[in-house]
Amino acid sequence: MASELISVRNLRVSFGSDAGTAKVLDGVDLAIRAGEIRGLVGESGCGKTTLARAILGILPRNSARIESGEIRFGGRDLLTLPESALASEVRGREIVYIPQDPSTAFNPVFTIGTQIDDLMRFKSPLLRGGADDRQGFFNSYPRERRAADRARVLELLRLVQLPNPEAVLRKYPHEVSGGQRQRLMIAMALLPEPKLVIADEPTTALDVTVQAQILKLLKQLARERGVAVLFTTHDLGAAYEICDRITVMYAGQEVEEAPVDGFFERPSHPYTRKLLDSLPSSEAGIRGIAGEIPRLIDPPPGCRFHPRCERATGICRTERPPPEAVDALHSVRCHHRLSATEPAS
Amino acid sequence: MKTLVLIVNRLIWFFPTVLGLLAIVFFISHVIPADPAAFVAGENATPETIAAIRARLGLDQPLHIQFVRYIEAILEGDMGRSIFTGRPVAEDLMSRLPATLELTLVTIVVASLIGIPLGVVSALKRNSWLDHALRVVTIAGLAIASFWFAILLQLLFSMRLGITPLSGRIEGWGPEPITGFYVIDALILWDMEILWDALHHMILPVATLALPAAATIVRFTRAGVLNALESNYVLYETAMGYPRRLVIWKYVLRNALIGTVTQIGLIFGILLAGAVVVEAVFDWPGLGLFAVNAILSSDYNAVMGFTLIAGTMFIVVNLVVDILQGMIDPRETR
């Protein structure tokens, strides 16, 4: 699609360890359009975080290996870009990050203000195309730009509804609440005016009461600014709250991609269906999914879900199904996909 | 403001700690079976003479009264008279303290300037040839006995190459003491010749003391940096494209230094102990040499005075470390 902001194609990532090589991402495709809020859902260990970090280029260098694939963004393949270019031109500028646990993502021994100042010093939108676009430890931070940046920071801190922003900047991370820290993380993500926000389970570490506010805030600000979001979560409710489209991952493979309505009303992949069925409800109580997540060191061939799938046949064991369109925005990778009329299992 | 609260908080503990030190010094010197009165009286003294001297020294009083008198005397700066030099102990100590402090402080600065960057680089280049080489050097540096290393340095640089002085603190008498720190005095007098001479004499003793100190600093900095590199904040800072050098030398280093600063405090204590040996080898006119002479000549007042001064310096260093710690790590502030 022409309006694709980022497109990941056939990405394979493996992690080496003493026990063997874990094939954590197995030919993942993912395309996100400008301004779209995309959910990436799946169980723990399905590769959501690895995919998010691969896009940012921050996979651990000594254990992770990119076997194949490309990540097209702004006419370039991020996987072939040198680290220095990624760090200075992409990360923190075009693509930003909201971490899972804001209490450990802040550096504990510097004030919040210092950390935001350093971000703006190198990533301020005022730098774009400017003369001193270089990065360096000793680069000067001209007073006029500093003042303009400070005004932006305070404005955004107000937008994320932090009371008394000036005081917050003087505080240390441990002196503000978890919810405030995540509001700060959202503000820091938006300050460089990026095109894509990678939010890796941004609410998992927060109290349930705070989660909804943070999600609402993230959605509202992303919408207003036309920023795309890749939101990884294992919380289907959270995904429903804020996403336009949802991609489901299972054991390192993406299995279904659907607009949020289609996802909840017409799941086409047996795994998606089971995932939805596993949501606790008053009639059914809590239901799990039979079987276990496969070991990624020695994963099942073909569709990795086949050992747990009632519909699996011979072809599922040998061939990974190609993406098939259910409708214009909805596609699924299954040899035996569910039709819309089929009743829940 | 926070720093001020911190400093006041730590200062409150300073005085009880010093009182504890005084008690330890006093009681240790009084459980030693030797009788100072008999010692002062000499070999052929009659019991009556000894009793008279005991009364004069106040040794016939109950222990708690003696302790109170001891503290009173200390508060007046009176540590008794040295039987070896015949001069007041306090005066002797104060004239020698700057020599030892100068040596120790310069050693700490040199060891930190070498050890901290090497520790960071060693962590960044983990398991490279540089890291392995540094590991060998640091283990060797901790294992080598300082008196032996000092003699080796003298043999090579003073005797064979003749590029450093063999011993002493300065040629001749040195400048008229202002602070007693030759480097500072030379700067005050703006006398480059004295400055150079003082620094020149410092090279070998500082090298001897700095080797194990720098080794410890390298190892703790390396561990601290590795620990910080694994942290979530480094992942976040990397993900947000903070320049690598900024992440390492500002954000990582400050976290890593929390452990290193504690070590530097401990190293200071080790250096004071090590100074006794190194000052003897280099004939350095400091507290260490004084203490050795005092112990060898059973000079009680001098030994007690040295113990008190060394202990007090250690308490002061710990106080400074505590305050620095609080300034580096805001979570420590209470």
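Two strands pair if DSSP finds at least two bridges between them. Keep that in mind for this predicted model.

Let's start with strand β9 of chain A, residues 245-250. β9(A) and strand β10, residues 253-259 of chain A, pair in the antiparallel sense. Six bridges join them. Look at A:V248: it stands opposite A:E256 in β10(A). The two strands form a hairpin, with two residues between them. In that turn, A:A251 has a positive phi of about 45°.

Now the other partner. Strand β3, residues 37-41 of chain A, pairs with β9(A) in the parallel sense. Here there are four bridges. A:G39 stands opposite A:I246 in β9(A).

Which way do the side chains point? In a regular strand they alternate between the two faces of the sheet. In β9(A), A:R245, A:T247 and A:M249 point one way. A:I246, A:V248 and A:Y250 point the other way. Is β9 buried or exposed? Six of its six residues are buried, so the strand is largely enclosed by the rest of the structure.

Next, backbone angles. Most residues other than glycine have a negative phi. A:E193 has a positive one, near 50°. Find A:E193 in the loop between α7 (178-190) and β7 (196-200) of chain A. Its relative accessibility is 42%, so A:E193 counts as partly exposed.

Over to chain B. Phi of B:W190 is also positive, near 55°. B:W190 sits in the loop between α8 (182-189) and α9 (192-229) of chain B. Buried or exposed? B:W190 is exposed, with a relative accessible area of 63%.

Note on methods:
Residues numbered from 1 in each chain as written. Chains lettered and ligands numbered in written order. Predicted model: local features only at pLDDT ≥ 70, side-chain atom pairs only at ≥ 80, totals over all residues. Heavy atoms only, no water. Buried < 20%, exposed > 50% of the residue type's maximum accessible area, 1.4 Å probe, protein only.
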